[in-house]
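Open the model in your viewer and keep the selection tool at hand. We will go from stop to stop, with a note on what to select at each one.

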Amino acid sequence: MNILDKIIGDKRKEVALKKTIVPVSQLENTALFERETISLAEALRTSKSGIIAEHKRRSPSKSVINQDLNVQDVATGYENAGVSGMSVLTDGKYFGGSLEDLLFARASVKMPILRKEFIIDEYQLLEAKAYGADVILLIAAVLEKAQIKQLSEFAKNLKLDVLLEVHNEEELQKSIMPSIDMLGVNNRNLKTFEVSTDISKELSEKIPEDFVKVSESGISSVEAIKDLKNYGYQGFLIGENFMKTDNPGKSATEFIKDLTK
């Protein structure tokens with residue numbers, strides 16, 4: 001069993017438990033549920049940098065990245081840096097995140113926020129909306145085509161943008177549908193954890209032009225982004241590169257200055 005299988009097994013139990021405690025009606029009655037969402041896809045289409053900066057305390061591949069910062073300061077720093085959007089990890093067991101992180105980020109900034117989570121159930125999309133997300137992530141590696149369709153259409157009904165993540169051509173082919181806004185290529189091999197932007201380059205021409213192309217994981221240099229822009233990528237998800245510093249906002253500011261000069 002690989003790490004992804006373990007995470008999904010735990011996630012099924014977690015969602016089932018949450019459903020017994022917090023009913024759907026409670027999520028739908030939260031203050032943020034009726035809030036008008038902001039489109040990350042639109043922000044990326046018009047952005048000079050295309051940076052989606054992540055808040056991530058730890059990960060299965062790197063263990064602790066940074067547990068000393070509060071999410072509000074990170075979010076404000078990122079927005080001041082001029083990023084296009086922010087990704088907030090909400091998985092607790094493997095990434096040290098929470099829905100409260102999403103809530104505090106939302107309270108701190110106006111930019112689009114992505115709930116980065118292992119989504120397997122419509123309930124998690126209602127949570128995302130209730131806690132202030134604008135965008136949700138679906139991972140093709142853990143979902144059947146019918147599930148991708150069901151979850152992405154449900155998200156669109158909630159006025160949430162959908163970022164669909166793929167790791168290879170097979171996943172990409174089952175994911176191309178009108179209810180997806182952005183197609184993200186994860187440069188990390190989920191079996192070996194090795195990272196290479198070659199996979200983004202290989203898949204770029206197979207992604208139809210109607211989707212915003214996003215490259216994820218292992219992007220740590222301005223050169224890598226400039227290179228990927230030549231392949232039509234407009235979004236770049238960066239987490240560890242900023243989060244491993246004492247001041248992720250400052251790190252993002254310097255990176256974006258360098259990228260856009």
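Throughout the tour, a residue is called buried when its relative accessible area is under 20%, exposed when over 50%, and partly exposed in between (1.4 Å probe, protein chains only). This is a predicted model, so local features need pLDDT of at least 70 and side-chain atom pairs count only at pLDDT 80 or more, while totals for chains, interfaces and linings use all residues. Residues are numbered from 1 along each chain as its sequence is written, and side-chain values use heavy atoms, with hydrogens and water left out.

**Stop 1: an aromatic cluster**

Select Tyr78, Phe242 and Phe255, which form one aromatic cluster. Rings of Phe, Tyr and Trp (its six-membered ring) pair if their centres lie within 6.5 Å; planes under 30 degrees apart are stacked, over 60 edge-to-face, and the rest tilted. By this rule the count comes to three aromatic pairs. Start with Tyr78 and Phe242: their ring centres are 6.0 Å apart and their planes are at 55°, so this pair is tilted. Tyr78 sits in helix α4 (residues 71-81) and Phe242 in helix α11 (residues 240-243), so the pair ties together parts that are 164 residues apart in sequence. Helices (H or I, at least four residues) and strands (E, at least two) are DSSP runs, numbered from the N terminus. Tyr78 is buried at a relative accessible area of 0%, and Phe242 is buried with a value of 0% too.

Now move to Phe242 and Phe255, an edge-to-face pair with 5.6 Å from centre to centre and 80° between the planes. Phe255 belongs to helix α12 (residues 248-260), so its pair with Phe242 of α11 ties together parts 13 residues apart in sequence. Phe255 counts as buried at 9% relative accessibility.

**Stop 2**

Select residues 161-166, strand β7: six of its six residues are buried. Which way do the side chains point? Asp161, Leu163 and Glu165 point one way from β7, and Val162, Leu164 and Val166 the other way. In a regular strand, side chains alternate between the two faces of the sheet.

Leu163 makes a handy landmark, standing opposite Leu137 and opposite Met182 in β8.

**Stop 3: helix α5**

Select residues 99-108, helix α5, where Leu99, Asp101, Leu102, Ala105 and Arg106 are buried. They cover an arc of only 155° around the axis (taken from the directions from the helix axis to the C-beta atoms), which puts them on the same side of α5. At the start of α5, a side-chain oxygen of Ser98 reaches to within 3.3 Å of the backbone nitrogen of Glu100.

**Stop 4: Glu117**

Finally, select Glu117, in the loop between β5 and α6. Is Glu117 buried or exposed? Glu117 is buried, with a relative accessible area of 2%. Its side chain makes polar contacts with those of Lys11, at 2.9 Å, and Thr90, at 2.8 Å. A polar contact is a pair of N or O atoms within 3.5 Å; within protein, one must be able to donate a hydrogen and the other to accept it, and residues adjacent in sequence count only if both atoms are side-chain atoms.

Note on methods. Pairing = 2+ DSSP bridges.
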